[in-house]
Amino acid sequence: MRADQDLFEGVDYYGVEDLLQPEEREVRDAVREFVSRRCMPLIVEHFRAGTFPEELIPEFGKMGLLGANLRGYGCAGVNNVSYGLMLQEVERCDSGLRSFISVQGALVMYPIWEYGTQEQKERWLPLLAKGEAVGCFGLTEPDYGSNPGGLQTRAVETSSGWRLQGSKMWITNGHIADVAVIWARTEDGVIRGFLVETEREGFEAREIEGKFSMRASITSQIFLDDVEIPRENLLPKAEGLKAALRCLNQARYGIAWGVIGSMMACYREALDYARNRVQFGKPIASFQLVQRKLVYMLTEITKAQLLALQLGRLKDRGELRHTQVSLAKRNNVYHALRIARLARDILGGNGIVDEHHVIRHMCNLETVYTYEGTHDIHTLIVGEDITGFSAFQ
Ligand code: TGC
Ligand code: FAD
């Protein structure tokens with residue numbers, strides 16, 4: 001049996017495997033093997049150093065991971081369940097690696113694919129799919145996080161195009177990006193999406209230092225100081241906050257799947273440790289309180305798998321509502337974080353050392369709980385859907 005197969009033994013308690021199509025399993029297994037071989041050996045070193053393993057970017061491209069669920073322009077064009085399984089496998093290693101793939105595919109390639117002109121698509125999508133160009137997505141601002149509808153970045157029309165002024169906060173991939181999808185308000189008050197080449201004068205990205213979470217991911221603040229872009233850099237169909245929020249649905253969908261990988265990694269590590277660690281003359285796995293924690297973990301993993309799978313089937317049928325994505329992001333991230341904390345607990349003192357991975361997952365998941373809509377924002381999105389009352393107005 002391969003080492004990576006062993007790692008997943010017992011994590012499919014309900015035979016969810018049987019609900020997958022053969023090609024979905026093939027995609028998952030190929031990414032699983034790639035992650036074990038190429039990503040796992042690098043991750044601890046990069047997390048310690050606070051660096052992103054940029055050498056993996058072209059390999060992500062070769063594996064078809066970038067914009068995998070988009071069709072054409074060099075994208076893999078897999079179905080949404082396969083795409084979710086890919087992200088699950090990547091996040092088994094680290095949420096920061098999955099973030100790179102989410103941002104590139106769901107937040108940069110998707111808006112170009114959905115809202116862009118033919119020229120924009122032909123210029124950027126093949127490069128982004130191969131990992132020969134990197135993108136970032138600038139919606140959040142220092143004073144507008146959960147409430148992006150208030151964003152202050154301005155786009156003023158000029159004789160040749162647009163002039164952008166403002167700043168963006170917490171931008172994944174910011175200072176390694178070649179192109180930024182920037183959301184700004186035009187003079188008529190409408191929020192619109194723009195493609196900004198990062199080499200343009202007035203564009204500056206500064207690394208956010210001191211992170212205890214997502215250390216193997218690049219996070220930047222972006223400053224736009226009268227950045228001039230040509231008319232053809234406007235994403236013509238990206239009009240209104242709704243256009244930006246539709247990109248978030250793509251990324252939130254990926255997160256709902258991705259965190260299952262973190263859950264599985266933490267559960268397997270805790271289970272193996274508990275079977276082998278002896279206290280009071282017995283393996284700690286024999287103690288009822290430890291068993292309760294392990295059973296909680298497996299129960300929530302099983303529920304998360306079924307939730308994500310049905311979410312994917314709905315998305316593949318074109319029937320997915322954004323509030324259903326919110327429910328899954330909220331649920332799966334909440335339990336992933338709890339599972340990581342419990343795994344850390346079961347490993348005792350060893351649980352705080354990075355060679356055991358669970359503390360890294362735990363720290364990363366604190367970010368995942370907050371970005372792409374905080375846990376409470378998703379509560380209020382679903383709350384509005386079921387009650388008819390908005391908590392935001
Ligand atoms: P609201 O009035 O509710 O909505 C405006 C219009 O948009 C519609 N809508 C959506 N449509 C599609 N998908 C969604 N998810 C949608 N959410 C809302 C809505 O129906 C309405 O349509 P219409 O036709 O009536 O005009 O807008 P609001 O200003 O009250 O805000 C609502 C709220 C709070 C839910 C929204 O602003 C929100 O989702 N806030 C959270 C912000 C967030 O998630 N930011 C993420 C930034 S990107 C990021 O974190 C990347 S992390 C890196 C990685 O992914 O790895
Ligand atoms: P705030 O909105 O200030 O929220 C603070 C607290 O107040 C939270 O607990 C929140 O739930 C609560 N709160 C706010 N409003 C309400 C309410 N109405 N009711 C109840 N509680 C409320 N953004 C991008 O645009 N692009 C990126 O690539 C990107 N990458 C990121 C990477 C990292 C590592 C991080 C940490 C963030 C990233 N973000 C990105 C930003 C992320 O989306 C925001 O951090 C998130 O939306 C929350 O905004 P905020 O941090 O300003 O918190």
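So, how many helices and strands does the secondary structure of the chain come to? The answer is 11 helices and 10 strands, where helices (H or I, at least four residues) and strands (E, at least two) are DSSP runs, numbered from the N terminus.

Before we go on, some housekeeping. This is a predicted model, where local features need pLDDT of at least 70, side-chain atom pairs count only at pLDDT 80 or more, and totals for chains, interfaces and linings use all residues. Residues are numbered from 1 along each chain as its sequence is written, chains are lettered from A and ligands numbered from 1 in the order in which they are written, and side-chain values use heavy atoms, with hydrogens and water left out.

Okay, overall size. The C-alpha atoms fill a box of roughly 80 × 50 × 40 Å along the principal axes. The chain's radius of gyration is 21 Å, which agrees with the value near 21 Å for a compact globule of 393 residues. That radius is taken over C-alpha atoms, and the globule rule is 2.2 Å times the number of residues to the power 0.38.

Now two helices. Take α2, residues 22-49: its 28 residues reach 39 Å from first C-alpha to last, close to the 40 Å expected at 1.5 Å a residue. The expected span here is 1.5 Å times one less than the number of residues. There's a kink of about 45 degrees in α2 at Cys 39, shortly before Pro 41; the bend is the angle between axes fitted to the seven residues ending there and the seven starting there. Just after α2, Gly 50 has a positive phi of about 70 degrees.

Then α8, with 29 residues, reaches 42 Å, close to the 42 Å expected. Just after α8 comes Gly 318, with a positive phi of about 75 degrees.

On to pockets. On a 1 Å grid over the protein atoms alone, a pocket is an open set of points where a 1.4 Å probe fits, with protein on both sides within 12 Å along at least five of seven lines; lining residues have an atom within 4 Å of a point. The largest pocket has a volume of about 1300 Å³, meaning the space filled by probe spheres set on the points, with grid points joined across faces, edges and corners.

Which residues lie nearest its centre? Of the 48 lining residues, they are Gly 145, Leu 248, Arg 252, Glu 372 and Gly 373. Helix α7 gives the most to this lining, with 9 residues.

The second largest pocket holds about 480 Å³. It is lined by 24 residues, with Asn 69, Asn 80, Tyr 110, Gln 250 and Lys 315 closest to its centre. Here α5 has the largest share, 5 residues.
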